[in-house]
Amino acid sequence: MTSGHQYMHFYSPAEGHGLAADPFRAIVCPRPIGWISTLSADNIPNLAPYSFFNAVSDMPPCVAFASDGWKDTVSNVAATREFAVNFVSRDLIDAMNRTSIRHPPGVDEFSAAGIERAPCRNISVPRVAESPAVLECKLLQIVELRDLSGATTQYKIAIGQVVGVHISKVFLEDGLFKTGAARPAVRAGYRGQYFQIDPDKEFTVTRPIGS
């Protein structure tokens, strides 16, 4: 049998990928969008999307997002120790995209993007009113990411515990959140690329005994 390795492109990130664009984000894909809403210490709402985001545990339920530098979102989370994660549906993708504009500090990004807000229950941060699901979070810690040499990088990772969950009843069926029906939009590989999850393509795999 011929080894498949001869058909593989290999590179070490430190030496460069030698391709048209860095494939890292295209390989770790799709990625859920962390549409993070926060409040500043002066009670000014902020809303911004993060493509390095995911759930990291369920007991307790926790999520994390990574910020490329000390931006308003991380500053707000550090100050108030609260944030909300707003589910991005296909219907909300244009609104989410508008919040990627980097406004000066002190700008209400809900108002700037024309997005209706609603109150949360257990935190002071506003949420996106039209989002199919929202996670209310309280900060556990902010971690400065370091590389193998021990040097600090520009990335700051905020980890939060979920203390409240909003779910649109439109997407609840037999006690289950119908993720596909909510049509989540997720990040694809390169700049400006997204996928829409097709509910008609959903399938189930039976887990093996002992797993």
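Me: At 24% relative accessibility, how does Phe-52 count: buried, partly exposed or exposed?

Reply: The model is predicted: local features need pLDDT of at least 70, side-chain atom pairs count only at pLDDT 80 or more, and totals for chains, interfaces and linings use all residues. Residues are numbered from 1 along each chain as its sequence is written, and side-chain values use heavy atoms, with hydrogens and water left out. Buried means under 20% relative accessible area and exposed means over 50%, with partly exposed in between (1.4 Å probe, protein chains only). At 24% relative accessibility, Phe-52 therefore counts as partly exposed.

Me: How many helices and how many strands does the protein have?

Reply: Helices (H or I, at least four residues) and strands (E, at least two) are DSSP runs, numbered from the N terminus. By this rule, the protein has four helices and 14 strands.

Me: How many aromatic pairs are there, and why is the pair of Tyr-50 and Phe-65 classed as it is?

Reply: Rings of Phe, Tyr and Trp (its six-membered ring) pair if their centres lie within 6.5 Å; planes under 30 degrees apart count as stacked, over 60 as edge-to-face and the rest as tilted. The count comes to four aromatic pairs. The ring centres of Tyr-50 and Phe-65 are 5.0 Å apart and their planes stand at 50°, so this pair is tilted.

Me: How far apart in sequence are the parts that Tyr-50 and Phe-65 tie together?

Reply: Both Tyr-50 and Phe-65 are buried. Tyr-50 belongs to strand E3 (residues 45–50) and Phe-65 to strand E5 (residues 61–68), so the pair ties together parts separated in sequence by 15 residues.

Me: Which residue in strand E10 is linked with Phe-52 across distant parts of the chain?

Reply: Phe-52 has an edge-to-face aromatic partner, at 6.1 Å centre to centre and with 75° between the planes. Phe-52 lies in the loop between E3 and strand E4 (53–58), and 103 residues separate it from its partner in strand E10, which is Tyr-155.

Me: With which side chain does the side chain of Lys-156 make a polar contact?

Reply: Lys-156 lies in strand E10 (residues 152–167) and, at 11% relative accessibility, counts as buried. Contact means heavy atoms within 4.5 Å, and the residues that Lys-156 touches include Phe-65, Trp-70 and Ile-142, not counting residues up to four places away in sequence. A polar contact is a pair of N or O atoms within 3.5 Å; within protein, one must be able to donate a hydrogen and the other to accept it, and residues adjacent in sequence count only if both atoms are side-chain atoms. At 3.0 Å, the side chain of Lys-156 makes such a contact with that of Glu-144.

Me: Around the axis of helix H2, what arc do the buried residues cover?

Reply: In H2 (residues 72–80), the buried residues are Thr-73, Val-74, Asn-76 and Val-77. The arc is that of the directions from the helix axis to the C-beta atoms. These residues lie on the same side of H2 because they cover an arc of only 160°.

Me: Why is strand E2 largely enclosed, and how many of its residues are buried?

Reply: Gly-34, Ile-36 and Thr-38 are buried on one side of E2, and Trp-35, Ser-37 and Leu-39 are buried on the other. The rest of the structure largely encloses E2 because the number of its residues that are buried is six of the six.

Me: How many bridges join E2 to E3?

Reply: Two strands pair if DSSP finds at least two bridges between them. E2 and E3 form a hairpin with five residues between them, and Asn-43 in the turn has a positive phi of about 65°. Leu-39 has Pro-45 in E3 as its bridge partner. E2 and E3 run antiparallel, and the number of bridges joining them is six.

Me: Which residue in E13 stands opposite Pro-32?

Reply: Pro-32 is in strand E1 and counts as partly exposed, at 28% relative accessibility. An open sheet of three strands has the order E1-E13-E14, with antiparallel pairing. Two bridges join E1 to strand E13 (residues 185–187). In E13, the residue opposite Pro-32 is Val-186.

Me: Over the ring of which residue does the charged end of Arg-187 sit?

Reply: A charge sits over a ring if NZ of Lys or CZ of Arg is within 6 Å of the ring centre and within 35 degrees of the ring normal. The charged end of Arg-187 lies 4.8 Å from the centre of the ring over which it sits, that of Tyr-194.
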